[in-house]
Amino acid sequence: MMIAYLERFVHENDAESKPDHDVSSICNSLDLQGSVDGGSGGGIANKDFGGMQSVRPLALIRPAGTEDVASVIKAAGGSPNLTVAARGNGHSINGQAMAEGGLVIDMRSTEKNHFKLVTINGSPYVDVSGGALWEDVLKRCVREFRLSPRSWTDYLSLTVGGTLSNAGVSGQTFLYGPQTSNVTELEVVTGKGDAMICSETANPDLFFGVLGGLGQFGIITRARILLHPAPDKVKWIRVVYTEFEDFTRDAEFLVTRPAGESFDYVEGFVFVNSDDPVNGWPQVHLDPNHKFDPTLIPPNAGSVLYCIEVALNYRNADRPATIDSAVSRLLGRLGFVKGLQFQVDVSYKKFLLRVKVHEELAKANGIWENPHPWLNLFVSKSDIADFDRAVFKDIVKDGVGGPMLVYPMLRSKWDSRTSVVLPEGDVFYIVALLRSTVYPKGPEVEKLVSTNRKIVQVSRDKGFDFKLYLPHYQCQEDWKRHFGDQWSRFVEMKRVYDPMGILAPGQKIFKKRTSHHQS
């Protein structure tokens, strides 16, 4: 009866808002402890941060916990049409967390279900909900335990389950690996509606498959995150380069130093060699009082410049002279433009929440809701210089109206058993073109998306070894190319854990099956 009602609801209700008794009927049919909103739940389920996709779900589910998530998936499994998408904080770019005519699960409603310190063999961990925001995990761990996760993303208003379903990278990744390398146990609800505990030793195929698995095999409802002592302060530094070769040489030097002999955070970015307030020199400032002196730039410098951004963590009890000596020793090995060095000391939390300031400013200016046609890639070290010539110095030489990140990572810090696919070689670079449609009036979104496609196509035509990060493809052939020799394993995992093709339809990898035997 439940499935019959849901199917009738799909076909008979197309209005913008559903009557309260219809929503109530769905809730009663699913027997949930949480709640159900008809349509998009006030609009949140049919949009995301990318702002370029909008599809209407049947309903938005706000589960009370794991049992509700399992009930929703089982209900969809009994239907020939319904699919299920888990939505974190809505920061997908291309509609990956949407479900047209399906059920969207708002994982944020479960954020407070788990928060417990666990000590195993002397090492501290924290159990948190898959719907918890990383910024809240940070604040509570520091406040209550003086501990902190080791690996982060740049922006922390993302859910734990969301980043673990992709990878989760930032300037600490060279040291500790991505966030997927810093979790030891998961609770997952599979596409069959089974709640399972998994780890490296218990159901390891599910554990590693779900990590970076783009939501295809299960929904993460709890994660156990490795912690370490939280520092008090961070010395935050930026230095400028004119030559890409010097920039990459120094960045790779910093990320390949032995443990304890480098900074705790290493990133980098490209910026336009001009006074453009969004794309140019002002990007480098860490403090309003900092002044960028363009006369220090050699006259033969090109249209774009490069910046290495580093940070060193320390405790209040550490002697300032000791910290300064460590910084000077490392910076003294680098070949940046002398005089173009910027430095501030901030609290550890303020450093990790540094992007929050930009979010609040964008919201105050009314531009946070504008489309964000971002492009993220992993590019092999062997091709990054040619990528610089083809893309940074050509296609986007005038900037993208937002940050253009580029910095190295180490393959050895990534677990090859997860579903994440990487370029070959131990050193590869993340490239993140964080486009905005705001500045100054900006080209149309379609033109920006077209430029993104051009960058991908040029990379293919030139034979670059690269993979999209946070990938988005429209057909299965592209997905096969993306996964390469990992594709058969990915398909097998789907067959085992989501045989009906219920989960994450917005990724456009698999279609809903009407039976387990349909190919």
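**Exercise 1. Determine which residues lie on each face of strand 12, and whether these faces are covered or open.**

*Solution.* Step 1: on one side stand Y265, E267, F269 and F271, and on the other V266, G268, V270 and V272. The structure is a predicted model, in which local features need pLDDT of at least 70 and side-chain atom pairs count only at pLDDT 80 or more, while totals for chains, interfaces and linings use all residues. Residues are numbered from 1 along each chain as its sequence is written, and side-chain values use heavy atoms, with hydrogens and water left out.

Step 2: apply the burial criterion, in which buried means under 20% relative accessible area, exposed over 50%, and partly exposed in between (1.4 Å probe, protein chains only). By this criterion the residues on both sides are all buried. Strand 12 spans residues 265–272, and eight of its eight residues are buried. Strands (E, at least two residues) and helices (H or I, at least four) are DSSP runs, numbered from the N terminus.

**Exercise 2. Identify the strands with which strand 12 pairs, and in which sense.**

*Solution.* Step 1: two strands pair if DSSP finds at least two bridges between them. Strands of a sheet pair through backbone hydrogen bonds, in either a parallel or an antiparallel arrangement.

Step 2: strand 13 (residues 304–314) pairs with strand 12 in the antiparallel sense over eight bridges. Within strand 13, V304 is the bridge partner of V272.

Step 3: strand 16 (residues 404–410) also pairs with strand 12 in the antiparallel sense, over two bridges. Here M404 of strand 16 stands opposite V270.

**Exercise 3. Describe the open sheet formed by four strands: its order and its pairing.**

*Solution.* Step 1: the order is 1-2-4-3, and the pairing is mixed. Strand 1 (35–38) and strand 3 (84–87) are the edge strands, each pairing on one side only.

Step 2: neighbouring strands of this sheet are turned by 25° against each other on average, direction ignored. Axes are lines fitted to C-alpha atoms, for helices over the stretch in contact, and angles run from 0 to 180 degrees between N-to-C directions.

Step 3: strand 2 (residues 59–62) and strand 4 (residues 103–106) show parallel pairing over three bridges, with A59 opposite L103.

**Exercise 4. Locate G95 and list its contacts beyond neighbours within four places in sequence.**

*Solution.* Step 1: G95 belongs to the loop between strand 3 and strand 4. Its relative accessible area is 6%, so G95 is buried.

Step 2: taking contact as heavy atoms within 4.5 Å, G95 touches D48, Q53 and G506 once neighbours within four places in sequence are left aside.

**Exercise 5. Examine the salt bridge between D324 and K235 and that between K381 and E252.**

*Solution.* Step 1: a salt bridge is a side-chain nitrogen of Lys or Arg within 4 Å of a carboxyl oxygen of Asp or Glu. The whole structure contains 31 salt bridges.

Step 2: D324 and K235 meet at 3.5 Å, N to O. Because D324 lies in helix 9 (residues 320–331) and K235 in strand 11 (residues 233–241), the pair ties together parts 89 residues apart in sequence. D324 is partly exposed at 36% relative accessible area, whereas K235 is buried at 6%.

Step 3: K381 and E252 meet at 3.2 Å, N to O. This pair links helix 12 (residues 381–395), which holds K381, with helix 8 (residues 244–255), which holds E252, 129 residues apart. K381 is partly exposed at 43%, and E252 is buried at 13%.
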